[in-house]
Amino acid sequence: MNLARPLRTTAASALLTVSALVALTACGTSEADSAAGGSKATVTVRIPDPGNSGVLALGKKDGSLDKALSKAGAKVEWTGSAGPFAPAAQAMNADQLDIATGSITSGITSLAQRPGFKFFTAVDPDAAGEGILVRNGSDIGSVADLVGKKVAVNQGGTGEYLLLKALAKAGIPADKVTRVYLRPDQTAAVFNAGKVDAWAVWATYAVAEIGSGKAHFVADGAAIGSDNYSLNAVRTEFAEQHPKVVQALYQYLHEASAKEKQNPAAYLNVFTDVGPTAVTGKAKEVQTGFTAQGGTIDPIGPEDIARFEDVAAFYADQRVTKDRVDVAAHLLDVGKPA
């Protein structure tokens, strides 16, 4: 399988390359890069614990991620747990975390604050796994039917973006729909109790609701025209000091994500197939379907940057951010060897 996207290229003029980072850090003589030659101590990469599913979960269980990083003189320290990007960005800013995963939407709102990180990979928007969720039997049959309704969203992140994007595409003023700001992990109970009419959400939370047979998307990412990429971020100082470690991590994620897309079930229920973290029954079928249709973890190319900038402009127009965020200033190019 060809792991690279046919139309994806890198934009050296717009991105700070890993090679350039090597030059900026005394020609690659950082502690991490020297460690690969055995002259320095192993560098620790702090990554949120991945839980029970996904590429990182399997890499943690079978040791393959540490094995890949050891070639660059590094190892993983699992810290905390994976969750919303905003607190992860704050942790990177506070030198408590080195790597985090988030969406371009939550990334833009974090960049509008005090960014201490850069994005180094991109996964195409999830056309099937994100959207506007409604309960089965709801009188909401289209985006137009959201007028006068309450929709749960996570503020400044994927949910708010999906709702605003859907309304804009349908020509509906944003103030015609009430946004109810909730944390994603607190929304399911509110949604199922009927306290909100819809939920703008992504696969992490949508799978359980759709898998229960009690909810469906009234509009998915494809219908909305979503540009909501999934991205991996690295703490800026870490990237400057250890560019070869970032390169090694990217390569592992890139190759593993292609394997996951071919065999999604192998990356579910990595540690346990029972309990609250397990994906079972219909939900498992829904999740494997979304993953099979999804993208792989790739370098950031010029076509991606253009879409990132569109999201930044949209957020500024919708007054989610005060000004238009310069996303391109916070990107790394890992498409070229360090």
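Predicted model: local features only at pLDDT ≥ 70, side-chain atom pairs only at ≥ 80, totals over all residues.
Quick housekeeping: local features need pLDDT of at least 70, and side-chain atom pairs count only at pLDDT 80 or more, while totals for chains, interfaces and linings use all residues. Residues are numbered from 1 along each chain as its sequence is written, and side-chain values use heavy atoms, with hydrogens and water left out.

Okay, the sheet. Five strands form an open sheet, ordered S8-S7-S9-S6-S10, with mixed pairing (strands pair if DSSP finds at least two bridges between them; strands are E runs of at least two residues, helices H or I runs of at least four, numbered from the N terminus). S8 and S10 (215-220) sit at the edges with a single partner strand each, so one side of each has no neighbour in the sheet.

Now S7. Strand S7 (residues 150-153) pairs with S8 (residues 178-181) in the parallel sense over four bridges, and lysine 150 stands opposite threonine 178 there. Towards S9 (residues 198-201), S7 also runs parallel, joined by two bridges, with alanine 152 opposite tryptophan 199.

On to the helices. The axes of H9 (residues 203-211) and H13 (residues 281-293) come within 8 Å and cross at roughly 135° (axes are lines fitted to C-alpha atoms over the stretch in contact, with angles from 0 to 180 degrees between N-to-C directions). And who touches whom? Ala203, Val207, Ile210 and Gly211 in H9 meet Lys282, Ala283, Val286, Gln287 and Phe290 in H13, contact meaning heavy atoms within 4.5 Å.
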